[in-house]
Amino acid sequence: MGSECFECVERVIKERRSHRFYLDKPVEREKLEKMIELAMWAPSAMNRQQWFFVVVGGERLKSLLSVISKSVEHLMPRLERFFGDTPKIIALTKQFFRNLGNAPIAIFAYYTPTGDDYSDVQSVSAAIQNMLLAAHAMGLGTCWMTGPVHVEEEINQYLGVKDKKLVAVVTVGYSAKKPPVPPRREVEKKVVWMID
Ligand SMILES: Cc1cc2nc3c(=O)[nH]c(=O)nc-3n(C[C@H](O)[C@H](O)[C@H](O)COP(=O)(O)O)c2cc1C
């Protein structure tokens, strides 16, 4: 792979953002299919590929909003702890959980348990990140959400999903707003080098 390809990968990784406001514009099915295809090229523990995705849009997603919006109540204690002095963030988060930013699509990412939850969650997470990067490279916005896992049972009942564990919900759509760039921590504080 040449340096040109590396530059592209670096840009896609660094420029991907979490989008919480979407345009009223449908997402092409081919793009969604590409996201799923590339998700499935992620590494997985023992190559078990335990992931399972449910892609939801239209009226089904609209009716799921009332279920998903309940999950924010479970998050309130943590939101208040971390963002107590920035009530705007709490209000925006509540709003996002109410309407998913009008995202036309949400992808529910599951695993079929193998008895090794630790590995299964990590494998699905790798697939989700692939999906996010693929979406960004195709001009789509996404947001990785674990908040809805608090109401997993109700979601699964609605979607008719059985014997699977929900890892996250990924909203997908064309972004209506350029999100801010949340700063990253200093590299020096997050790594210890022991290579000599
Ligand atoms: C495991 C995980 C769970 C997340 N859950 C939520 C969520 O429930 N709601 C939400 O609005 N954002 C959620 N996010 C998005 C993060 O808030 C976001 O990635 C972080 O603020 C950095 O911003 P960026 O993605 O634009 O770089 C989650 C991200 C990850 C990786």
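**Entry 1: a pair across two strands**

I started with Thr 142 and looked for the residue across from it. Thr 142 stands opposite Val 172 in β4. I note here that the model is predicted. Next I checked Cys 143, and its bridge partner in β4 is Thr 171. Both pairs belong to the pairing of β3 and β4. I counted 5 bridges between β3 and strand β4 (residues 165–173), in the antiparallel sense.

**Entry 2: the whole sheet**

In what order do the strands of the open sheet lie? I read the order as β1-β2-β4-β3. The sheet has 4 strands, and the pairing is antiparallel. β1 (51–57) and β3 are the edge strands; each has a single partner strand, so one side of each has no neighbour in the sheet. Neighbouring strands are turned by 20° against each other on average, with direction ignored.

**Entry 3: bridges of β2**

I went on to β2 (105–111). On one side, 7 bridges join β1 to β2, and the two run antiparallel. One of the residues I followed was Phe 52, whose bridge partner in β2 is Tyr 110. β2 also pairs with β4 in the antiparallel sense, over 7 bridges. There I followed Ala 109 to its bridge partner in β4, Ala 168.

**Entry 4: buried or exposed?**

How many residues of β2 are buried? I found 7 of 7, and the strand is mostly covered. Both faces of β2 are covered. One side holds Ile 105, Ile 107, Ala 109 and Tyr 111, and the other holds Ala 106, Phe 108 and Tyr 110. I checked β4 as well. β4 is mostly covered, with 7 of its 9 residues buried.

**Entry 5: helices across the sheet**

Which strands does helix α6 lie across? I noted β1, β2, β3 and β4. Helix α6 spans residues 117–137 and runs at about 5° to β4. Helix α3 (residues 58–69) lies across β1 and β2. Its angle to β1 is about 95°.

**Entry 6: the nonpolar core**

I looked up the largest nonpolar core, and it has 36 residues. Those with the most contacts inside it are Ala 106, Phe 108, Ala 109, Met 131, Val 170 and Val 172. Which elements give two or more residues to this core? My list reads α2 (29–39), β1, α3, α5 (87–99), β2, α6 and β4. I then took Met 131 by itself. Leaving aside neighbours within four places in sequence, Met 131 is in contact with Met 35, Leu 38, Ala 39 and Val 170.

**Entry 7: around the ligand**

I ended with the ligand. The residues around it are Arg 17, Ser 18, Arg 20, Phe 96, Cys 143, Trp 144, Met 145, Thr 146, Gly 147, Pro 179 and Pro 182. I sorted this shell by class: 6 residues are nonpolar, 3 polar and 2 charged. Which element gives the largest share of the shell? I found that strand β3 (residues 141–145) does, with 3 residues. Cys 143 from my opening entry is among the residues around the ligand.

Note on methods. Residues are numbered from 1 along each chain as its sequence is written. This is a predicted model: local features need pLDDT of at least 70, side-chain atom pairs count only at pLDDT 80 or more; totals for chains, interfaces and linings use all residues. A residue is near a molecule or strand if its C-beta atom, placed from the backbone, lies within 6 Å of it. Ala, Val, Leu, Ile, Met, Phe, Trp, Tyr, Cys and Pro count as nonpolar, Asp, Glu, Lys and Arg as charged, and the others, Gly among them, as polar. Two strands pair if DSSP finds at least two bridges between them. Axes are lines fitted to C-alpha atoms, for helices over the stretch in contact, and angles run from 0 to 180 degrees between N-to-C directions. Two residues are in contact if their C-beta atoms, placed from the backbone, lie within 7 Å. A residue is buried if 20 or more other C-beta atoms lie within 10 Å of its own, exposed if 12 or fewer, and partly exposed in between; C-beta atoms are placed from the backbone. A nonpolar core is a set of buried Ala, Val, Leu, Ile, Met, Phe, Trp, Tyr and Cys residues joined through C-beta atoms within 7 Å.
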